[in-house]
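Please consult the sequence and the model shown here.

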Amino acid sequence: MVIWLSLLVVLVNIGIIAGLGIKWSREGPQGFRWPVLIVNAALIFLNLLIVQSVGQIPAGSRGVVLRFGAVTTKTFGEGLYFKVPFVESVIQMPVQTFAFEAPAAAASKDLQDVQTTVTVQYSLRPESVNRVYQQLRLDYADRIIKPSIQESVKAVTARFNAEELITRRPEVRNGIEQVLQDKVADFGIRIDGLAITNFDFSKVFTQSIEAKVVAVQRALEAENRLRQIETEAKQREAQAVGEAQAILRVATAQAEANNLVNKTLT
């Protein structure tokens, strides 16, 4: 397509130059000024070659080189590049990190329905952009990452009970990330991070969890109250012992005083 457009531009410009190169007089056109025509045509063709030979790859991308539409092993990095005009073309492939959010439905180990929302950060491996373009073009996220997320979430969720999905969330996240990385690695895709943004369970299970939480809270309150009662009882016991000891000391002192008086009288 680019070649045909370039040739069309050359032909149009040659036609314009031909018109400008005609000698005009009162009697009409007298002929071509061939030197002007040839020089200008050469300049236009030279400019066209330069335009077709030079390009630029922006930061965060790589250039996949095609030769007559076929993918080669040649890749251009960031910055200026030079290619064979009319023979090679360059496709830009981004290698920076992107985020992809996808919902996933799965079942836990205890057969509870779980709705999960996962956000995945991914990027292309720069050394694999030629193969990715050849096999997947630019829609690799929908063709590879999205179905791989579904499979990874199902596989890892089935290892845990519904309650463990909450209490062991970091372990669940790490498991999903590792399984997902293994699935997409062969396609030249790298997983840079994964986050579980949401866990939703069935209404019945949610109600049972809430009831369990309430029961646990009440048990803790009862236990705390029992400890408080035991503490207060011990305090009263200690107070009673202290009072008894005080009374005993007073009685002992009184008895000793009485004995001293008796001895004195004797």
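Q: Which residue is the bridge partner of Ala 105 in S9?
A: In this predicted model, Gln 115 of S9 is the bridge partner of Ala 105. Residues are numbered from 1 along each chain as its sequence is written. Local features need pLDDT of at least 70, side-chain atom pairs count only at pLDDT 80 or more, and totals for chains, interfaces and linings use all residues, while side-chain values use heavy atoms, without hydrogens and water.

Q: What makes S8 and S9 a pair of strands?
A: Pairing requires that DSSP finds at least two bridges between two strands. Ten bridges join S8 (residues 98-107) to S9 (residues 113-124), so the two strands pair. They run antiparallel. Five residues lie between the strands in this hairpin, where Leu 111 takes a positive phi near 65°.

Q: Why is H3 called roughly perpendicular to H4?
A: Helix H3 (residues 129-136) packs against helix H4 (residues 140-157) at an angle of about 95°, with the axes 10 Å apart. Angles of 65 to 115 degrees count as roughly perpendicular, and H3 is therefore roughly perpendicular to H4.

Q: Which residues of H3 and H4 meet?
A: Val 132, Gln 135 and Leu 136 in H3 meet Tyr 140, Arg 143 and Ile 144 in H4. By class, this contact has four nonpolar, one polar and one charged residues.

Key:
Helices (H or I, at least four residues) and strands (E, at least two) are DSSP runs, numbered from the N terminus. Axes are lines fitted to C-alpha atoms, for helices over the stretch in contact, and angles run from 0 to 180 degrees between N-to-C directions. Angles under 35 degrees count as roughly parallel, over 145 as roughly antiparallel, 65 to 115 as roughly perpendicular and the rest as oblique. Contact means heavy atoms within 4.5 Å. Ala, Val, Leu, Ile, Met, Phe, Trp, Tyr, Cys and Pro count as nonpolar, Asp, Glu, Lys and Arg as charged, and the others, Gly among them, as polar.
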